[in-house]
Amino acid sequence: MVLAIGVFIGGCATDYQKDGFSGGFSETQMSENVWRVHFKANGFSSMERATDFCLLRSAELTLENGYKYFAIVDENSSTELKTFTSAPQAHTNAYGYTTFTGGQTFTSNHPRVQNNIFMLREKTDKAGLVYEAQFIVRSIRSKYSSEFQNK
């Protein structure tokens with residue numbers, strides 16, 4: 001029963017949410033306009049999804065802090081490999097026959113993405129590739145529109 005609940009809860013890709021049991025985003029302010037943004041996904045999420053949601057959080061954070069643009073000054077992505085082995089169980093029926101279940105090992109990949117961003121009030125060519133925060137928010141929310149309809 002506990003395993004069934006765990007599979008049900010974890011059976012979906014990580015939502016766009018604050019970091020919790022099934023993953024999500026977190027951020028750390030490094031200076032007035034420099035932040036580290038991290039998105040941790042579960043084993044049902046693709047690297048593309050984790051990258052998109054890290055970029056979305058970077059854009060939203062930029063807007064929340066009164067800026068219009070941001071540049072990614074450092075980006076890091078990786079996959080955390082996790083394994084789980086189910087508990088072996090023996091079942092004996094009324095005729096004395098014993099069957100064994102469990103003891104299986106499952107492996108899953110958990111994408112991790114981190115952006116270090118520099119927020120800007122005005123667009124400049126000196127910062128390299130500069131993203132318009134509002135455009136990124138619209139674009140990524142549109143891409144995942146079915147997930148953001150009720151939020």
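Predicted model: local features only at pLDDT ≥ 70, side-chain atom pairs only at ≥ 80, totals over all residues.
Student: Okay, so what span does helix 2 reach from its first C-alpha to its last?

Tutor: Helix 2 has 18 residues and reaches 26 Å, close to the 26 Å expected at 1.5 Å a residue. After helix 2 comes glycine 66, with a positive phi near 85°.

Student: How many residues of helix 2 are buried?

Tutor: First, the general idea: an α-helix has 3.6 residues a turn, so residues three or four places apart point the same way. In our case, helix 2 is mostly covered, with 13 of its 18 residues buried.

Student: Which elements give two or more residues to the largest nonpolar core?

Tutor: That core has 24 residues, and Phe39, Phe53, Phe70 and Ile140 have the most contacts inside it. The elements giving two or more are strand 2 (34–40), helix 2 (47–64), strand 6 (105–120) and helix 3 (133–143). Helix 2 gives the most, seven residues.

Student: What does phenylalanine 39 touch?

Tutor: Leaving out residues up to four places away in sequence, its contacts include Phe25, Ala50, Phe53, Cys54 and Val113.

Student: And strands, which ones does strand 3 pair with?

Tutor: Strand 3 (residues 69–85) pairs with strand 6 in the antiparallel sense, over 16 bridges. For example, leucine 81 has asparagine 109 in strand 6 as its bridge partner. Strand 3 also runs antiparallel to strand 7 (residues 130–132), joined by three bridges. There, phenylalanine 70 stands opposite tyrosine 131.

Key. Residues numbered from 1 in each chain as written. Heavy atoms only, no water. Core = buried A, V, L, I, M, F, W, Y, C linked by side-chain atoms within 4.5 Å. Buried < 20%, exposed > 50% of the residue type's maximum accessible area, 1.4 Å probe, protein only. Helix = DSSP H or I, 4+ residues; strand = E, 2+ residues; numbered from the N terminus. Contact = heavy atoms within 4.5 Å. Pairing = 2+ DSSP bridges. Expected span 1.5 Å × (residues − 1).
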